[in-house]
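Please take me through this model in the viewer, one selection at a time. Tell me what to select and what is found there.

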Amino acid sequence: MLARILAAVLCGLLFGMGLVVSDMINPARVLAFLDIAGNWDPLLAFVMGGALLPSSIAYWIRKRQAAPAFDDRFHVPANGRPDVALVGGAVLFGLGWGLVGLCPGPAIAALTTGRWQVGLFVAAMLAGMIFHRLTFGRPSPATQ
C-alpha cells in the first residue's frame with residue numbers, strides 16, 4: 001500500500017514539474033495556443049507531442065503485463081465508444097479550458113504561483129467535484 005501511494009506521489013510530482021517547466025501553468029500561454037487567428041503560440045502542441053512518447057511506451061508495456069506494478073488490475077474503461085457523459089464532459093472541459101486557460105492538473109500546479117485567480121478556479125473545481133459526487137454518487141467499480 002505504501003509503495004502504491006509513493007508511486008502515485010512521485011508520478012504526480014513528475015507531472016507537476018513537467019507542467020511548470022513547460023509553462024503550462026500559465027493560462028496566458030494556453031490561451032495563446034487557442035488563439036489561432038491572433039497571436040498564436042504553438043508551444044502547447046510541442047508539449048502534447050512530447051507526451052505521446054511516454055504515453056505510447058506505457059500502452060506498449062500495459063499490453064505485455066497482466067497487472068500494473070502497484071495494483072491488482074489496470075483501470076481501463078471497457079466501453080471504447082463515446083457516450084453522452086463522455087461527450088458532455090469533454091465539451092464542459094473544453095469550454096472551461098478555453099475560457100480561463102486552466103485545466104485540473106495545471107491548476108493544482110499553478111497554486112504554487114499564489115495567484116488568487118488560480119485559487120478561485122481550484123475552489124470552483126472542487127465545488128463542482130463535490131456537487132457531482134453528491135448528485136450522481138460514486139461510480140461502481142464495474143463501470144470504472
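The tour below goes from the whole chain to single helices, then to a helix pair and a pocket.

This is a predicted model, in which local features need pLDDT of at least 70 and side-chain atom pairs count only at pLDDT 80 or more, while totals for chains, interfaces and linings use all residues. Residues are numbered from 1 along each chain as its sequence is written, and side-chain values use heavy atoms, with hydrogens and water left out.

**Whole protein.** Show everything as a cartoon. The protein has 6 helices and 0 strands (DSSP runs numbered from the N terminus, H or I of at least four residues for helices, E of at least two for strands). Along the principal axes, the C-alpha atoms fill a box of roughly 45 × 35 × 35 Å.

**Helix α1.** Select residues 2-21. The end C-alpha atoms of α1 are 28 Å apart, which agrees with the 28 Å that its 20 residues should span at 1.5 Å a residue (the expected span is 1.5 Å times one less than the number of residues). Then pick D23, which follows α1 and has a positive phi near 65°.

**Helix α4.** Select residues 84-100. This helix has 17 residues and reaches 24 Å from its first C-alpha to its last, close to the 24 Å expected. Just after α4, G101 takes a positive phi of about 80°.

**α2 against α4.** Show side chains for P27, V30, L31 and L34 in α2, which meet W97, G98, L99 and V100 in α4 (contact means heavy atoms within 4.5 Å). These contact residues divide into 7 nonpolar, 1 polar and no charged (Ala, Val, Leu, Ile, Met, Phe, Trp, Tyr, Cys and Pro count as nonpolar, Asp, Glu, Lys and Arg as charged, the others, Gly among them, as polar).

**Second largest pocket.** Select F15, L19, V47, M48 and A51, the closest to the pocket centre of its 19 lining residues. The volume is about 590 Å³. A pocket is an open set of points on a 1 Å grid where a 1.4 Å probe fits, with protein on both sides within 12 Å along at least five of seven lines; lining residues have an atom within 4 Å of a point. Helices α1, α3 (43-64) and α4 each supply at least two lining residues, and α3 gives the most, with 7. By class, the lining has 14 nonpolar, 5 polar and no charged residues.

How values were computed. Points joined across faces, edges and corners; volume = space filled by probe spheres on them.
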